[in-house]
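Hi,

Here is the structure I said I would pass on. Have a look at it first, and my notes follow below.

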Amino acid sequence: MIKIDNEFIINAKASEIWDVITQVDKYGDWNSFVSECECNMVVGDAIKMKVHLLPFPINQKETVLEYEPGVIFNYGVNLPFNLLKSTRKHTVETIDENQVRYRSEFRLQGLLSPIVSAFMSSKLQQGFNRMSDEMKAEVLRRQS
């Protein structure tokens with residue numbers, strides 16, 4: 001199993017970070033890990049992304065698993081026969097009116113996960129870390 005967690009606290013309103021997370025059509029402006037994204041935020045519907053893990057971009061299609069506006073956006077893949085299951089969860093927690101905790105959780109498990117881990121674990125870690133850093137920078141940039 002691969003587990004990648006990122007968390008930061010930022011001086012911002014929850015709505016400011018939530019806008020960066022959910023305005024997926026603007027990912028190309030700030031996000032070097034997921035440069036394109038389409039999603040209507042409806043549980044059960046598709047989320048289509050262009051992910052930069054390899055020397056070339058990968059088109060990725062996943063499913064929205066959970067969506068609670070302002071709080072949780074969770075999506076993933078579930079291949080048959082327990083071959084591969086992934087989840088990516090963004091959560092936003094208000095600490096006070098000017099401070100927010102952002103959490104990103106990625107889980108990859110299933111029969112093929114050791115193979116994916118062997119080839120992609122460090123790239124996934126780097127990508128999710130970079131995306132979290134860029135998300136924080138984008139929130140601060142929009143505040144200016």
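Is Phe81 buried or exposed? At 73% relative accessibility, Phe81 counts as exposed (buried means under 20% relative accessible area, exposed over 50%, partly exposed in between, with a 1.4 Å probe and protein chains only).

Before the rest, some housekeeping. This is a predicted model, where local features need pLDDT of at least 70 and side-chain atom pairs count only at pLDDT 80 or more, while totals for chains, interfaces and linings use all residues. Residues are numbered from 1 along each chain as its sequence is written, and side-chain values use heavy atoms, with hydrogens and water left out.

Back to Phe81: you'll find it in the loop between β5 and β6 (strands are DSSP E runs of at least two residues, helices H or I runs of at least four, both numbered from the N terminus). Its phi is near 60 degrees, a positive value in a residue other than glycine. Leu83 sits in the loop between β5 and β6 too, and is partly exposed at 31% relative accessible area. Both belong to a nonpolar surface patch of about 740 Å², along with Leu79, Leu111, Leu112, Ile115 and Phe119. Patch residues have over 30% relative accessible area and no salt bridge; nonpolar side chains (Val, Leu, Ile, Met, Phe, Trp, Tyr) are joined within 5 Å, like charges within 9 Å. A salt bridge puts a Lys or Arg side-chain nitrogen within 4 Å of an Asp or Glu carboxyl oxygen, and areas are Shrake-Rupley with a 1.4 Å probe, only the protein chains shown counting as cover for residues.

Now the inside. The largest nonpolar core has 37 residues, and Ile17, Ile21 and Phe73 touch the most other members (a core is buried Ala, Val, Leu, Ile, Met, Phe, Trp, Tyr and Cys joined through side-chain atoms within 4.5 Å). Elements giving it two or more residues include β1 (2-10), α1 (14-22) and β7 (99-109), but α3 gives the most, with 6 residues.

Leaving out residues up to four places away in sequence, Phe73 touches Trp18, Ile21, Cys39 and Met41, among others (contact: heavy atoms within 4.5 Å). Met41 also has a positive phi, near 65 degrees; it lies in the loop between β2 and β3 and is buried at 12% relative accessible area.

Finally, β1 has a covered face of Ile2, Ile4, Asn6, Phe8 and Ile10, and an uncovered one of Lys3, Asp5, Glu7 and Ile9. β1 pairs with β7 in the antiparallel sense over 9 bridges (pairing needs at least two DSSP bridges), with Ile2 opposite Leu108.

Cheers
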